Amino acid sequence: MNGFLMLLAVVLPLVTGLLVAFVPQVNAERKTRCTLVGASLLLQCAIVVAIAFGGESMVVLLHLNDALPLALRNDQMGVIFALVMTAMWTVSVFFSFSYMSHEKNEKTYYTFYMLTLGALTALCFAATLVTMYLFFEAVTLLSLALVLHERSKEAVAAAIKYLIYSVAGATLGLMGIFFLVPNLTSPYFVLGGALNLENLTITPDMLLVVLFLALLGFSTKAGMFPMHGWLPTAHPVAPSPASAVLSGVITKAGVVCVIRTIYYAIGPDFLRGTWVQLALLSLATITVFMGSMMALYEKHLKKRLAFSSVSQVSYILCGVYLLDRTALAGSFLHVVFHALIKDGLFLCAGAIIFKTGLTYVDQLKGLGRKMPITFWCFTICSLGLIGIPPTGGFISKWYIAEGAIAGMTGSPVPLFTWLVPVILLLSALLTAGYLMPISIHAFFSPLQEDLRLPSGASLETASDPGRMMTVPLMLLAGAVLVLGTFPGLLINIFNALTALLV
Amino acid sequence: MLIAAVLLPMALGAILPLFRFRREGARSLYIMLSVLATSALMLPLVFTGAPGRETLFQITETLPIAFKLDGAGRVFAGIVSMLWPLATLYGLEYMQKDARKYTFFAFYIITYGVTLGIACASNLITLYLFYELLTLITLPLIMHGGSTRNIRAGLKYLYYSIGGAALVFIGLVYVIYYGGSTEFVYGGLGAMTMGATAGSLRIGYMICFLGFGVKAAIFPLHTWLIEAAVAPTPVTALLHAVAVVKSGVFAIIRATWFIFGPALLRGTYAQHIPLALASITIVYGCTMALKEQNIKRSLAYSTVSNLSYCILGALLLTEGGLRSSLMHMVYHAVIKITLFLCAGMYLKKGIVYSQDMRGVHRATPEVSAIYLLGALSLTGLPPLLGFLSKWMLATSAIQQGSRLALVGVAALTISAVLTFFYLVLPGLTTYMGKPERAYAYRELSPGWKALAPLAVLSVIILVLSFWSAPIGSFFAYAAAGGL
């Protein structure tokens with residue numbers, strides 16, 4: 001039964017997407033299409049919740065050959081990610097319904113929006129490395145259409161950049177899979193890893209080199225330095241709700257692959273204390289700092305948020321590469337909170353663009369009084385991202401820092417025990433530096449009288465958007481507050497899972 | 001039966017110009033029927049296997065011209081006899097307006113027989129005979145257009161091939177002198193090592209390898225293949241993606257596994273140099289394919305790269321390697337012919353360069369979709385069939401574990417990225433952006449004779465992708481020396 005539900009969770013968005021693409025009746029009126037997409041996403045939420053409460057089961061889709069099955073399994077980690085992704089997708093789609101009314105090519109947008117969710121769900125449930133690779137590539141190809149949405153020169157250039165980085169990353173990952181699979185005891189993912197250490201076909205040193213490249217490849221999707229260049233280009237050119245899911249959710253596709261490779265295939269013990277761990281950890285830490293610095297200097301709001309994603313997703317990677325139980329739990333928490341927060345921030349940026357067409361941060365002075373709901377949500381999400389209790393970001397960063405101290409004690413390079421927490425703290429300060437001024441100026445500075453909107457109207461006429469857009473914003477901001485204040489349930493779930501993994 | 005299958009198309013092709021048909025249709029029917037008859041003769045043998053050896057005649061007492069069909073031969077003969085009718089049907093549409101199309105088809109049919117001769121050759125001397133014949137018989141096909149570029153490409157092909165064949169001849173002398181027999185035996189001619197030191201035999205092997213390497217388009221012997229892309233598309237699609245170039249690969253497999261033997265070569269320079277050359281060619285071909293804007297020339301470079309996948313597999317000198325080599329030989333053949341046929345349809349409509357493909361999917365929805373399917377398959381998106389052969393190749397190389405094999409895996413990885421960009425990206429751009437001029441819906445769609453082969457090929461691609469177990473186990477059987 002659960003296997004059937006899992007297939008349904010993959011197939012339903014795909015079918016919806018194809019219906020939008022190929023059935024003319026669906027597109028005759030905007031309302032029909034929106035109803036179909038919205039209903040299908042709500043149903044999808046129900047299905048994923050049902051899967052979460054059901055038992056674990058496995059579905060083998062295809063045997064490429066005897067040792068190479070393509071299979072899906074609703075294990076705990078898959079369910080966690082699928083829940084986060086589906087929830088974000090649903091919230092953003094309701095925002096899209098009114099936002100996309102001022103954009104062109106709505107049909108293509110909804111088609112690929114839904115298809116991407118199908119591929120992402122399958123990626124979460126992938127039970128073998130090859131299945132994971134397949135859907136990882138599929139996510140890239142399908143989400144490409146979202147980046148390409150504007151069809152402008154800028155969008156095409158961004159899409160190609162996105163493609164080059166992603167394909168290069170995915171192929172590095174594939175090379176790792178080439179080397180890993182013959183050295184695993186099981187073709188399927190195993191909690192804690194399944195490396196066949198007695199009979200390695202290549203030397204452990206060689207394997208480490210390959211694993212480094214593979215993990216670097218998968219981290220591309222998560223925007224880790226030095227493979228981060230595409231992210232600030234590609235995310236902002238998409239329509240805002242698409243940027244929201246690209247930045248808030250699709251970056252986590254990279255995180256899924258990294259976690260699966262380390263904790264379900266190789267096993268953290270093989271990497272612990274090796275140069276691979278230190279190198280990746282250094283890169284992630286550098287990215288945390290660098291992303292924040294770049295966000296600080298960026299004046300375009302959506303680009304600033306994209307740089308912020310570069311930094312924040314590397315918090316998650318930091319937690320993963322620490323190979324520590326607490327840090328990994330922190331990573332899972334940050335997956336949830338960063339998804340909520342970044343989704344919220346991008347949707348706020350979208351609401352601003354929708355109502356005023358303004359895209360630069362210094363144009364937003366005084367706008368907070370005109371658009372109070374939007375800017376209150378923006379402020380709450382900003383506080384979350386900085387990590388001020390009781391919002392969500394605090395607890396996740398706390399766990400990662402604690403994990404760094406616990407996990408790196410006794411490592412060959414003790415530097416990291418204090419460096420990681422310090423960088424996390426520094427980056428939090430920088431986050432405050434690039435997010436708080438926006439809110440402060442919006443609420444306390446006077447409106448810029450001389451500024452004309454692209455539509456020609458005066459700023460005085462700006463107001464909050466309609467309920468279709470404010471409700472998703474309030475839901476996200478509310479979730480950041482509520483889950484930040486009462487994180488106990490999440491923490492229990494994640495602690496139980498990470499205890500099995502590390 | 002084998003003799004009949006080889007000689008029938010040669011005879012039918014040779015007499016084609018003698019007939020005076022009243023109607024166009026009758027001649028097309030004759031062409032189609034002769035190709036189909038040959039396939040009908042060959043395919044049952046491919047599927048069931050043909051025990052025994054059939055001798056055509058004896059050159060000397062010890063050098064017979066003879067045919068047999070073992071596992072590897074069945075693989076090659078199978079591809080050839082599956083794809084020839086499809087390409088011929090396509091050719092009938094493609095060459096419709098050509099004034100000298102019947103001379104063209106005469107040679108096209110004869111080539112079928114010659115290629116089967118290579119597939120079914122039972123010893124090196126027979127293979128050599130048909131290999132030389134293949135050069136001569138395909139020359140008019142390359143020169144068919146009659147322009148200076150065609151002539152130049154043809155001459156280049158001739159010089160390269162004759163040069164290669166000359167090297168092979170020297171190798172052949174080594175084999176006859178030291179081995180006595182040139183018969184193909186799985187694992188190599190054990191007797192050979194008695195007559196000669198291993199060192200001189202390895203020299204003989206290297207000469208053979210480089211000779212056959214011309215048709216297999218190993219860098220730096222590949223340039224003829226790129227020039228030859230000026231030939232009509234049915235020729236580039238069938239001969240320069242399948243028959244001629246795969247003859248080169250097949251001959252290398254024969255020389256490596258059935259004449260000199262893996263035991264002789266393993267761990268020596270005679271393995272290392274070919275492996276290194278293959279890795280270089282893989283990366284070089286892909287890089288050039290990315291640089292090249294002309295669609296057909298780009299595909300030709302892609303063939304250069306993919307042929308070396310097969311060579312890499314064969315030269316790993318493990319059973320798994322040979323298996324993946326045979327597998328890639330088949331899969332690449334099916335995919336690349338599909339891509340070339342699509343490119344031909346674009347070329348017919350004046351779309352020569354990859355940037356012209358932008359936005360044309362509305363004008364040729366079928367061709368765009370099939371092109372994208374082929375492109376994704378060759379790139380190796382699982383579960384499409386290009387993935388499995390690359391996977392087997394990479395894992396065999398990793399299991400073999402030598403340093404050069406691992407370099408090969410790195411080359412495969414680089415090549416996979418590049419393949420995506422020279423193949424899939426143009427395929428995606430047919431769905432994006434605006435075309436140079438506004439086409440009407442299905443304005444560029446070809447007729448049924450071109451569409452039917454494309455449809456059959458894409459069905460083959462999909463079926464093999466999702467149901468590869470039987471053919472996969474056959475490759476294992478063939479690679480283990482099964483008949």
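Me: Which residues does A:Leu317 touch, not counting residues up to four places away in sequence?
Reply: This is a predicted model, where local features need pLDDT of at least 70 and side-chain atom pairs pLDDT 80 or more, while totals for chains, interfaces and linings use all residues. Residues are numbered from 1 along each chain as written, with chains lettered from A and ligands numbered from 1 in written order. Contact here means C-beta atoms, placed from the backbone, within 7 Å. With residues up to four places away in sequence left out, the partners of A:Leu317 are A:Ser219, A:Ala222, A:Met224, A:Val255, A:Val258 and A:Ala284.

Me: Which residues touch the most other members of the largest nonpolar core?
Reply: A nonpolar core is a set of buried Ala, Val, Leu, Ile, Met, Phe, Trp, Tyr and Cys residues joined through C-beta atoms within 7 Å. The largest one holds 388 residues. Those touching the most other members are A:Leu123, A:Leu317, B:Leu83, B:Ile311 and B:Ile337.

Me: Is A:Ala170 buried or exposed?
Reply: A residue is buried with 20 or more other C-beta atoms within 10 Å of its own, exposed with 12 or fewer, and partly exposed in between; C-beta atoms are placed from the backbone. A:Ala170 sits in helix 7 of chain A. Helices (H or I, at least four residues) and strands (E, at least two) are DSSP runs, numbered from the N terminus. A:Ala170 has 25 C-beta neighbours inside 10 Å, so this residue is buried.

Me: How far apart in space are A:Ala170 and A:Gly217, C-alpha to C-alpha?
Reply: In sequence, 47 residues separate A:Ala170 and A:Gly217. Yet A:Gly217 is among the contacts of A:Ala170, along with A:Tyr133, A:Phe136, A:Glu137 and A:Thr140. From C-alpha to C-alpha, the spacing of A:Ala170 and A:Gly217 is 5.7 Å.

Me: Which residue is the bridge partner of B:Phe57 in strand 2 of chain B?
Reply: Strand 1 (residues 50–58) and strand 2 of chain B run antiparallel, joined by five bridges; pairing requires at least two DSSP bridges. A hairpin of five residues links strand 1 of chain B to strand 2 of chain B. In strand 2 of chain B, B:Phe57 bridges to B:Ile65.

Me: How many residues of strand 2 of chain B are buried?
Reply: Strand 2 of chain B covers residues 64–69, six in total. The rest of the structure largely encloses this strand, because the number of its residues that are buried is five.

Me: Which helix of chain B gives the largest share of the side that touches chain A?
Reply: The contact takes 22 residues from chain A and 20 from chain B. On the chain B side, two or more residues come from each of helix 16 (385–400), helix 17 (403–429) and helix 19 (469–479) of chain B. The largest share, six residues, belongs to helix 16 of chain B.

Me: What is the phi of B:Leu317?
Reply: B:Leu317 lies in the loop between helix 13 (295–315) and helix 14 (319–348) of chain B. With 22 other C-beta atoms within 10 Å, B:Leu317 is buried. Although B:Leu317 is not a glycine, its phi is positive, at about 60 degrees.

Me: Where does A:Arg151 lie?
Reply: A:Arg151 is another residue that is not glycine but has a positive phi, near 65 degrees. A:Arg151 has 15 other C-beta atoms within 10 Å, so this residue is partly exposed. Its place is the loop between helix 6 (129–147) and helix 7 (153–180) of chain A.

Technical notes:
Two residues are in contact if their C-beta atoms, placed from the backbone, lie within 7 Å.
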